[in-house]
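Thanks for coming. I will take this one piece by piece, so please keep the picture in view.

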Amino acid sequence: MPELPEVENVRLGLTKLIVGKTVAQVGTDWEKILVGGLALFQTALAGATVTGIDRRGKYLLIRFGALTIVSHLRMEGKYQLAPTVDTPKPRFLHVWFTFTDGSQLRYLDMRKFGRMQLVTTGEETKTVTGLAKMGPEPTAATFDLKAFKAALAKRKAPIKSVILDQTVVAGVGNIYADETLWLARINPEQPANSLSARAVKALHDAIIAELQKAITLGGTSVHSFVDADGHRGAMQDQLHVYDREGTPCDRCGTTILKIKVGQRGTHYCPHCQPKRG
């Protein structure tokens, strides 16, 4: 699933590609992706111009002035811009926005799990449940250490499960949870409320630094992720534990293990990340 750095790179790419373009027509062969149905999107967006693209957590916010499409890519969703409507259609194309200049924004989704919801701009948090309760963005300006400490102190669940909770911090998924816990030397099964103040700060700082690094490197392409220009990210070459079970730890040489935490595949170093009593 694309996590915050990947979605941010999609946003950056789409901003260059489609801002200023005007919609002529909307089409789909899998109407379930469009919350409310095709007729709603066609009626609302015909003649509307893309004014900007924002992001909140893992959600894309495609702005059309007074209206916004809230787009969640889920597991396999991706966007690409075709120069003309006659450009050969790729597999798994399910939604397309044809612009007045003849180009076409295409949404591809092998699993068809992605969703697009049309809302009034500025009303996103009142309309989309996932946005209403979302935690802070993982930046130095918005991710408050004291609030993070307070949130962890209330939770007995494994720390990995807690930082995957989007109400605690926005945008962290399975890859970056494993990576930031390794950086902070915290066992993924450690109860969140048992972490020392030093460990909480180390994790807080690692989340900020790692997600920013991943944005800069174009995201992680360990599976199928590509940005809106069709480019793979480079962060997969910087991963220390994720998808590296059976290989030596970059820090100590101990073999990386894979376990399940909250039903999620989890990678860690048993030497660098011991569970503490």
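The buried residues of helix 7 are Asn-174, Ile-175, Tyr-176, Ala-177, Asp-178, Glu-179, Thr-180, Leu-181 and Trp-182. Buried here means under 20% relative accessible area, exposed means over 50%, and partly exposed is in between, with a 1.4 Å probe and protein chains only. Helices are DSSP runs of H or I with at least four residues, strands are runs of E with at least two, and both are numbered from the N terminus. Helix 7 is mostly covered, with 9 of its 10 residues buried. The cover includes helix 1, helix 6, helix 8 and strand 11, which is 264-268. Just after helix 7, Arg-185 has a positive phi of about 60 degrees.

A word on where this comes from. This is a predicted model, in which local features need pLDDT of at least 70 and side-chain atom pairs count only at pLDDT 80 or more, while totals for chains, interfaces and linings use all residues. Residues are numbered from 1 along each chain as its sequence is written, and side-chain values use heavy atoms, leaving out hydrogens and water.

Now helix 8. Its buried residues are Ala-199, Val-200, Leu-203, His-204, Ala-206, Ile-207, Ile-208, Glu-210, Leu-211, Ala-214 and Ile-215. They pack against helix 1 (4-18), helix 5, helix 6 and helix 7, where contact means heavy atoms within 4.5 Å. Just after helix 8, Gly-218 takes a positive phi of about 90 degrees.

Next, the cores. A nonpolar core is a set of buried Ala, Val, Leu, Ile, Met, Phe, Trp, Tyr and Cys residues joined through side-chain atoms within 4.5 Å. The largest one has 30 residues, and those with the most contacts inside it are Phe-148, Leu-152, Ile-159, Ile-163, Ile-186, Leu-203 and Ile-207. At least two residues of this core come from each of helix 5 (145-153), helix 6 (159-164), helix 7 (174-183) and helix 8 (197-216). Which helix gives the most to this core? Helix 8 does, with 8 residues. Apart from this core lies another, of 26 residues, including Val-7, Leu-14, Ile-62 and Leu-73. As background, nonpolar side chains tend to be buried together in soluble globular proteins.

Take Ile-159 as an example. Leaving aside neighbours within four places in sequence, Ile-159 is in contact with Leu-152, Leu-181, Ile-186, Asn-187, Pro-188, Gln-190, Ala-192, Leu-195 and Leu-203.

Lys-146 is in helix 5, and counts as exposed at 69% relative accessibility. Lys-154 sits in the loop between helix 5 and helix 6, and is exposed too, at 70%. Lys-154 and Asn-193 are 39 residues apart in sequence, and their C-alpha atoms are 6.3 Å apart in space.

On to the strands. Two strands pair if DSSP finds at least two bridges between them. There is an open sheet of 5 strands in the order 2-9-5-4-3, with mixed pairing. Its edge strands are strand 2 (34-35) and strand 3 (52-56), each pairing on one side only. Arg-55 has Leu-60 in strand 4 as its bridge partner.

Elsewhere, strand 7, residues 93-99, is mostly covered, with 6 of its 7 residues buried. Strand 7 is joined to strand 1, residues 23-28, by 5 bridges, and the two run antiparallel. Strand 7 also pairs with strand 8, residues 104-108, in the antiparallel sense over 5 bridges. Trp-96 stands opposite Arg-106 in strand 8. Strands 7 and 8 form a hairpin with 4 residues between them, and Gly-102 in the turn has a positive phi of about 95 degrees.

Last, the cysteines. How many disulfides are there, counting pairs of cysteine sulfur atoms within 2.5 Å? The count is 0. The sulfur of Cys-249 is too far for a bond, because the closest cysteine sulfur, in Cys-269, is 3.8 Å away. Cys-249 is buried, at 5% relative accessible area. Cys-252 is in no disulfide either, with the sulfur of Cys-269 as the nearest, 3.5 Å away. Cys-252 is partly exposed, at 31%.

How values were computed:
A disulfide is a pair of cysteine sulfur atoms within 2.5 Å.
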